[in-house]
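Here is a set of questions and answers for someone looking at this model for the first time. Please have the sequence and the 3D view open.

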Amino acid sequence: QKPVTQSAATAVKALPDAQTVTQVQHWTDRLFSFRVTRPQTLRFRSGEFVMIGLMGDNGKPLLRAYSIASPSWDDELEFYSIKVQDGPLTSKLQHIQEGDQIILRPKPVGTLVHDALLPGKRIWFFATGTGIAPFASLIRDPETYENYDEVILTHTCRDVAELEYGRRLVESVKNDEMLRELIGDGLDKLRYYPTTTREESPKMGRITELLKDGTVFRDLGIEGMSPETDRAMVCGSLAFNHDLKDILEGFGLREGANSDPKEYVVEKAFVG
Ligand code: A2P
């Protein structure tokens with residue numbers, strides 16, 4: 001048995017599931033995104049997650065579920081992560097740099113996929129914090145625009161700086177020539193509804209409250225949600241998912257799954 005004296009990055013290199021970091025971007029002291037090489041054989045559906053991580057100090061892989069934020073046609077994989085100073089994985093992962101290696105198990109799974117929803121007219125993507133990651137993939141997927149007449153992405157964060165990743169993403173999607181070619185005028189269907197809860201911004205409040213008091217519908221010029229027309233995907237903290245499920249059920253939507261598609265699906269965003 002060899003003593004584990006290597007750094008996390010060098011230890012990973014020896015593993016079959018190692019991928020190379022190609023880009024790292026820090027958004028705030030709590031948030032960063034990064035891109036890694038994509039295993040040639042990896043196929044996934046937009047909205048799915050994979051297990052990624054680093055070698056732990058005990059010589060065992062330390063892995064967590066991360067939604068793939070990049071679209072399935074992209075050559076690389078993108079992830080969006082929180083930084084938790086005493087988090088077992090993210091306290092280390094936040095220090096990765098271009099050229100470093102991470103572990104990526106190439107087995108994508110998840111419920112936030114088109115297959116888990118029945119056909120509809122309008123799709124809502126409800127996210128808080130890093131819960132926007134699966135939707136970062138889905139709003140770059142042509143299928144989203146083929147399946148729906150209207151696509152609404154809501155993102156609630158504590159402050160304005162935490163919205164920046166999503167804001168830039170939506171802007172880049174709308175201005176991306178290749179996406180325009182792929183998706184065409186369908187991109188105009190995409191509507192973005194960002195809100196903050198702890199800092200002044202054009203739209204303040206938890207999305208749950210803004211749905212309950214009808215503000216969202218007034219702002220977007222929509223009458224409400226119905227199981228005939230509306231579909232939803234939800235990704236945030238446990239409490240957020242729970243509250244939003246209640247709201248969606250109140251509108252008559254039912255929770256679906258891969259094996260049993262219905263009107264909405266939910267997944268917990270990674271938080272630690
Ligand atoms: P709030 O500031 O009122 O807690 P976090 O950064 O803690 O993960 O939270 C991300 C965003 O999600 C925050 O704006 C937070 O609002 C909001 N949030 C947290 N819990 C809920 C919930 N149960 N319903 C709606 N929004 C929530």
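Q: How do you know what confidence the predictor has in the chain?
A: The value to read is pLDDT, the predictor's confidence in each residue, from 0 to 100. Its mean over the chain is 93, and 94% of the residues reach 70 or more. Residues 1–5 have a pLDDT below 50, and beyond near neighbours in sequence this stretch has two contacts in the model. A contact here means that the C-beta atoms of two residues, placed from the backbone, lie within 7 Å. Where pLDDT is low, the predicted coordinates should not be read in detail. The model also scores ipTM 0.98 and pTM 0.93.

Q: Why is the chain called as compact as a globular protein of its length?
A: The chain has nine helices and 11 strands. Its radius of gyration is 19 Å, close to the 19 Å that the globule rule gives for 272 residues, so the chain is as compact as a globular protein of that length. The radius is taken over C-alpha atoms, and the rule is 2.2 Å times the number of residues to the power 0.38. Helices (H or I, at least four residues) and strands (E, at least two) are DSSP runs, numbered from the N terminus. Along its principal axes the C-alpha trace spans about 65 × 40 × 35 Å.

Q: What makes strand 7 largely enclosed by the rest of the structure?
A: A residue is buried if 20 or more other C-beta atoms lie within 10 Å of its own, exposed if 12 or fewer, and partly exposed in between, with C-beta atoms placed from the backbone. Six of the seven residues of strand 7 (residues 122–128) are buried, so this strand is largely enclosed. Over the chain, 43% of the 272 residues count as buried.

Q: How do you know which strands pair with strand 7?
A: Two strands pair if DSSP finds at least two bridges between them. Seven bridges join strand 7 to strand 8, and the two run parallel. Thr128 stands opposite Thr156 in strand 8. Six bridges join strand 7 to strand 10 (residues 230–236), also running parallel. Phe126 has Val234 of strand 10 as its bridge partner, and Arg122 has Asp230.

Q: Why is strand 10 described as mostly covered?
A: Seven of its seven residues are buried. On one side these are Asp230, Ala232, Val234 and Gly236, and on the other Arg231, Met233 and Cys235. Strand 10 is also joined in parallel to strand 11 (residues 264–268) by five bridges, with Gly236 opposite Lys268.

Q: What makes up the shell around the ligand?
A: The shell divides into three nonpolar, six polar and four charged residues. Ala, Val, Leu, Ile, Met, Phe, Trp, Tyr, Cys and Pro count as nonpolar, Asp, Glu, Lys and Arg as charged, and the others, Gly among them, as polar. Of the 13 residues around the ligand (C-beta atom, placed from the backbone, within 6 Å), Thr128, Gly129, Thr197, Arg206 and Ala239 come nearest. Helix 9 gives the largest share, three residues.

Note on methods: Residues are numbered from 1 along each chain as its sequence is written. This is a predicted model: local features need pLDDT of at least 70, side-chain atom pairs count only at pLDDT 80 or more; totals for chains, interfaces and linings use all residues.
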